[in-house]
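Subject: Structure handover

Hello,

Here is the structure you were waiting for. Please load it first, then read the notes below it.

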Amino acid sequence: MAADYRQMWTELGLDLPAHDALLGVLGQAYGDIYLAQKNRPEGMQYFDFVMSEVHGLRIKELRDAQGNDRKVIGSFCVFVPEELILAVDGISVGLCAGAEFGFDKAEEVLPRNTCALIKSAFGFKLGKVCPYVESSDMIVGENTCDGKKKAYELLKDLVKNLFILDLPQMKSEAGKALLKAEYQRFARALEELSGKKITVASLKKGIELVNQKRKAIHRLSDLRKHHPAPISGLDALLINQVFFYDDPVRFTASVNKICDELEQRVKNGQGVRGNGSPRIVISGSPMAVPNWKIPWIVESSGAIIVGEESCVGERGTQWLTNEAGSTVEQLLDNIVERYFQIDCAIFTPNPTRLEHIRSMVKKYQAQGVIHYSLQFCQPYQIESGPVEKALEADGIPVLRIDTDYSQEDAGQIKTRVEAFIERIGDHK
Ligand code: BJ8
C-alpha cells in the first residue's frame with residue numbers, strides 16, 4: 001500500500017502485527033493468482049488498485065464519510081437491501097470473509113464443524129484484523145442458515161450495534177409479509193441511526209444507484225457469452241466481489257469502462273483464452289474475498305468460468321428493483337418484490353435455483369457445472385445432490401466439490417477438476 005495507514009488501523013483497534021501478516025498473505029495470493037494471469041483486460045487495473053487499497057484508502061474514505069455525518073452499515077447477506085441504506089445516505093459494506101485466519105480463536109467460541117465463512121467472520125473479528133467490522137456503525141445479521149442465525153447470538157456481544165433481520169424460509173404470502181415487515185423495521189432502524197428520513201426522492205435515488213450497479217454487472221455477464229470469452233472467470237469474480245465494497249457510482253463507471261474494452265475485444269475476436277477452452281458455470285455457496293481457490297484451480301487447469309450462480313454473482317445481482325412509485329410504501333413494496341425472488345438454498349422448496357442454473361448453462365453455452373459447497377454449509381450441500389441429478393439427467397455434466405478455505409485439498413481437487421475438464425472436453 002502506498003500510504004501509511006498504521007495510525008488509522010491503530011485507532012480502529014486492529015492488531016497491527018496480525019493485520020500485517022494478513023495483508024502479507026493476501027498480497028502474495030493476489031500476485032500468484034491474479035497478477036500472474038495472462039492477457040488481462042486493462043480495465044482490471046482499477047480493480048487491482050481497489051484490492052491493493054481495500055484495507056487502506058477505502059477505509060479512509062469510510063471514515064471521512066463518517067466525519068460528514070454518514071453511517072457505515074456492514075452486512076453478511078444479499079438480503080440486506082442496499083437501496084434502504086443509500087436512502088439514508090448510508091454506505092453499505094460486505095463483511096463476509098474468505099480467508100482461513102484466526103480460526104483458532106473462532107473455534108474457541110464456535111464448533112469446529114461450522115462453515116468457513118462464519119468461522120472466518122469470527123476469526124477476523126476476534127483476531128482484530130477487519131477494518132470494515134471496526135468501521136461499521138451498524139452490523140446487520142440475518143436469520144438465514146442455522147449456522148449464521150446462532151452465530152449472531154454470539155456476535156452480539158462482540159460488536160457494538162447488531163441488528164437482526166428475520167427472514168422467511170418459504171416463498172409464501174406469509175413469507176412475503178414477513179419480509180416486508182422486517183424491511184420496514186430495518187428502515188426505521190436506519191432512520192433512527194442516521195437521523196435522516198427516508199423520502200420518495202431519497203429511496204428512488206437509492207434504487208437507481210443500485211440498479212445501475214446491477215445493470216453494469218449484467219453488461220459484463222452478457223459479454224461472457226461470447227466465444228472466446230473476453231475475460232477470465234477469476235477477474236469477473238473479483239469484480240463481483242468488489243461490488244460489495246466500492247463506492248457505487250465509481251464502481252458502476254469502472255465496470256462500464258471495462259465492458260467498453262471487452263466489447264472491443266469481442267469485436268476483434270480476442271479472448272482471454274483460445275476458443276477451445278471448456279466453459280464452466282460455477283454454482284453454490286458464496287465466494288467472499290479472498291476465496292479464489294476453486295476458480296483458480298479451474299482456470300489454471302485450462303477451462304474458463306463463464307458464469308457464477310452464487311450470491312457473489314447472479315443470485316445476488318440478476319434482478320433489478322422496479323423504480324416506479326410515488327410513495328415510500330410503493331417503493332418499499334418494489335424492494336420486497338425484488339428481494340423475495342432470491343433463490344438462496346435456505347428456502348424450502350427452492351426450485352427456481354435449479355431453473356436458473358439450467359438457464360445459465362444455456363445462456364453462456366457452458367459444457368459443465370461445478371457445484372461448489374463450503375463444508376458444513378448444509379443448505380447448499382443438501383441441494384447439491386438433486387441439482388446434480390437433474391442436470392446430469394439433462395445431459396449437463398456436473399462435478400460436486402465440498403471444500404473449505406484451506407489449501408490442503410488443493411492438489412486433490414485439481415486432479416478431480418482436470419478429470420472433469422477432460423470429460424466435458426469430449427462432450428462438446
Ligand atoms: S442469500 S447464500 S448470502 S444466506 S456458506 S453462512 S449459507 S452455512 S452465506 Fe448466504 Fe444470504 Fe443465502 Fe446468499 Fe450458511 Fe452456507 Fe455458511 Fe452461507
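Start at Phe 186. Leaving out residues up to four places away in sequence, Phe 186 touches Ile 73, Val 80, Pro 81, Leu 84, Ile 85, Met 138, Val 140, Phe 163 and Leu 165. The model is a predicted one. Phe 186 belongs to the largest nonpolar core, which has 129 residues. Phe 186 is among the members that touch the most others, along with Phe 79, Leu 84, Tyr 183, Ile 239 and Trp 292. Helix α2 (residues 16-35) supplies the largest share of this core, with 7 residues.

β5 (residues 279-284) pairs with β6 in the parallel sense, over 5 bridges. Ser 283 has Glu 309 in β6 as its bridge partner.

Most residues other than glycine have a negative phi, and most peptide bonds are trans. The following residues depart from that.

- His 227 and Pro 228 are joined by a cis peptide bond, with omega at about -10 degrees. Pro 228 sits in the loop between α11 (200-223) and α12 (233-242).
- Val 289 and Pro 290 are also joined by a cis peptide bond, and here omega is about 0 degrees. The loop between β5 and α14 (293-300) holds Pro 290.
- Asp 89 is not a glycine, yet its phi is positive, at about 60 degrees. Asp 89 lies in the loop between α5 (82-87) and β2 (91-94). Its relative accessible area is 33%, so Asp 89 is partly exposed.
- Phe 376 has a positive phi near 70 degrees and is likewise a residue other than glycine. Phe 376 is placed in the loop between β7 and α18 (378-393). Phe 376 counts as partly exposed, because its relative accessibility is 40%.

Then the charged pairs.

The structure holds 37 salt bridges.

Lys 119 and Glu 107 meet through their side chains in a salt bridge, at 2.8 Å from N to O. Lys 119 is in helix α7 (residues 116-126) and Glu 107 is in helix α6 (residues 103-109), so this pair ties together parts that are 12 residues apart in sequence. Are the two partners buried or exposed? Lys 119 is buried, with a relative accessible area of 7%. Glu 107 counts as partly exposed, at 27%.

Glu 337 forms a salt bridge with Lys 176, and the closest N and O atoms are 3.0 Å apart. This pair links distant parts of the chain, 161 residues apart. Glu 337 is in helix α16 (residues 328-339), and Lys 176 is in helix α10 (residues 173-194). Glu 337 is partly exposed, with a relative accessible area of 43%. Lys 176 has 19% relative accessibility. Buried means under 20%, so Lys 176 counts as buried.

Arg 423 and Glu 392 also meet in a side-chain salt bridge, at 2.9 Å from N to O. Arg 423 lies in helix α19 (residues 410-425) and Glu 392 in helix α18, so the pair ties together parts that are 31 residues apart in sequence. Arg 423 is partly exposed, at a relative accessible area of 37%. Glu 392 is partly exposed too, at 28%.

Last, the network. Arg 58, Glu 61, Asp 246 and Arg 250 are linked by salt bridges.

Best wishes

Technical notes. Residues numbered from 1 in each chain as written. Predicted model: local features only at pLDDT ≥ 70, side-chain atom pairs only at ≥ 80, totals over all residues. Heavy atoms only, no water. Pairing = 2+ DSSP bridges. Helix = DSSP H or I, 4+ residues; strand = E, 2+ residues; numbered from the N terminus. Buried < 20%, exposed > 50% of the residue type's maximum accessible area, 1.4 Å probe, protein only. Core = buried A, V, L, I, M, F, W, Y, C linked by side-chain atoms within 4.5 Å. Contact = heavy atoms within 4.5 Å. Salt bridge = Lys/Arg side-chain N within 4 Å of Asp/Glu carboxyl O.
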